[in-house]
Amino acid sequence: MTDVDPADYRAVAARLAAGVVVVTAVRHGVAHAATVSSVASVSLDPPMLLFCVHVDARLRDVLDGTDAWAVSVLTDGQADVADWLASPGRPAVGQLDRVAHVAAPVSGAPWLDGAAAWFDCRTEAVHGAGDHDVVIGRVVAAREGAPDAGGLVHLRGRLRGVR
């Protein structure tokens, strides 16, 4: 087996089109959010999904203190939201002040207004995977957005809308 150069791997992996979501959680009364493109449905029975988060991410620390989190699946018109919630150095407190949202029905974590779909989850397991952790959650509530909503994908280092 040969080693793959990280820069080469990044360039090749950028060819994987990935849906863009925002994962949110509330800890000590403060809402936290992060843009994520590593998310997947895992199981229908029970309903479960997973996302990957960098081990050094602020959201990863938040998840150590709560097992409740939510996912908002972004539409093709929400690239600005994705960019904001992926920007390094954004404030820990008030980062959702400029993003309209409501509390998810079970976890109370924010669901972003205008998303294509929403999931409300409870952590079932966390597995280390290199410099990321894979967070697997049981879906405790789910809702569809507007039937004509497009999607937002990450491809070749850019956000792109799809319909």
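**Rings and a proline**

Searching the whole structure turns up 2 aromatic pairs. To pair, rings of Phe, Tyr and Trp (its six-membered ring) need centres within 6.5 Å; planes under 30 degrees apart are stacked, over 60 edge-to-face, and the rest tilted. Take Phe 51 and Trp 69: their ring centres are 4.9 Å apart and their planes stand at 70°, so this pair is edge-to-face. It joins distant parts of the chain, 18 residues apart: Phe 51 is in strand E5 (residues 47-54), Trp 69 in strand E6 (residues 68-73). Helices (H or I, at least four residues) and strands (E, at least two) are DSSP runs, numbered from the N terminus.

A word on the basis. This is a predicted model: local features need pLDDT of at least 70, side-chain atom pairs count only at pLDDT 80 or more, and totals for chains, interfaces and linings use all residues. Residues are numbered from 1 along each chain as its sequence is written, and side-chain values use heavy atoms, with hydrogens and water left out.

Are Phe 51 and Trp 69 buried or exposed? Phe 51 has 0% relative accessibility, so it is buried. Trp 69 is buried too, also at 0%. Buried means under 20% relative accessible area, exposed over 50%, partly exposed in between (1.4 Å probe, protein chains only).

Now Pro 91. It lies in the loop between helix H3 (79-86) and strand E7 (101-103). At 38% relative accessible area, Pro 91 is partly exposed. Beyond residues up to four places away in sequence, Pro 91 touches Arg 58 and Trp 84 (contact means heavy atoms within 4.5 Å).
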